[in-house]
Each structure stands twice: as C-alpha cells, then as structure tokens.
Amino acid sequence: VGDLTHNLYVVLDRQRRFVGVMMFNITIRTGLVIWAGITHGVVWACMAMAVTSFVGTGIWYAQLLKIIHSLVGITFRATWRIVAAVAVMAAGVLYLQMLWPQSAAMPVMVAQLAAESALGAAIYAGVLLALWQMSGRPEGPEAHAVKAAQHGWSWLGAYLRPGRASASSAA
C-alpha cells in the first residue's frame, strides 16, 4: 500500500505534501517505538511498530482523499480482507498477551515471542483465507498462495513417498 501512495504523490507532483506526511509518520513512529522499547521491552516496541503502521496507513489514505477520490474505493476493494485479517490478528495477539503477561526471564520471553508470532500467523492466514473463500475466491494473492501451497504439498508428498527412498537407493 505504501509504494502505491508514494508513487501517486510523485506522479501528481505533490512531493511537498509527501515529505510532510512522511516526516510526521516517522517522527511519531520513532518516538513511540523508542518509548515502548525502553519502558516495556521489545514486544511492546514491535506492537508500537504495528500500531503506527496501521495508523500511518490511515494518515496516508486521508491525505490521498484530498488528492484523488476514486483511489480509496479501488484500494479498499483490493485490501479490505488484509485490513480485516490484520485487525483480528492484532486482537488475538493482544488477548494472548493479557493471558500470558510479559516475563523478565529471557527463555520465557523467547517462548512468548514465538507463541505470539505463531498465533498471529495462524490467525492472519486463517482469517484471510476465510474471507477470501467467502468472497468467492477471486483471483489475487490469496489464489497464488493457495496454488503454491498445493504445489508444495504435492512435491513434499511425492518426495516422502515410501517407494521413492528404496528406488533412489537402488540406483
């Protein structure tokens, strides 16, 4: 989403607005990430990055509304599943963090980060694919990912087939 908006500012000769919005976003993001990292640790710093990214996307879109009106509808139709999946994923990870408060012990912190990452990935992929299914499975990134996963599974199945190991050792 960011590259699209950045390119539009250049194409429409609005670089001054682009620089202003970019500096605002970078200043807010940097301050929040440093504050969160110092006061609450690396997990909160990562959460600050995610939150400022989400807010920054809204700021970019709000600025673009002033420049080009039809872009928002086109972009929303293309990205609504992603935005919804990110919101559900963030809620799930935040819920896990409420259930399992951050520890000061490094091994526990590593386990928490791994659990939060795995849960976030599972929720994101599940919600995104469910929304894609409910949308009628339109052609797009999800369709390409499903095709790649199917190809990977079939390759792995063929590779792990019991007869393959004995055939290759006989040759």
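Tutor: Let's start with a term: helices (H or I, at least four residues) and strands (E, at least two) are DSSP runs, numbered from the N terminus. This is a predicted model, where local features need pLDDT of at least 70, side-chain atom pairs count only at pLDDT 80 or more, and totals for chains, interfaces and linings use all residues. Residues are numbered from 1 along each chain as its sequence is written, and side-chain values use heavy atoms, with hydrogens and water left out.

Student: Which helix gives the most to the lining of the second largest pocket?

Tutor: A pocket is an open set of points on a 1 Å grid over the protein atoms alone, where a 1.4 Å probe fits, with protein on both sides within 12 Å along at least five of seven lines; lining residues have an atom within 4 Å of a point. Here α2 (15–40) and α3 give two or more residues each. With eight residues, the top contributor is α3.

Student: And which element gives the most to the lining of the largest pocket?

Tutor: That lining has 29 residues, with Ala50, Phe54, Val86, Met89 and Ala90 nearest the pocket's centre. At least two residues come from each of α3 (42–67), α4 (70–99) and α5 (106–134). The one that gives the most, with 13 residues, is α4.

Student: How many charged residues are in the lining of the largest pocket?

Tutor: Asp, Glu, Lys and Arg count as charged; Ala, Val, Leu, Ile, Met, Phe, Trp, Tyr, Cys and Pro as nonpolar; and the others, Gly among them, as polar. The lining has 20 nonpolar and eight polar residues, and the charged count is one.
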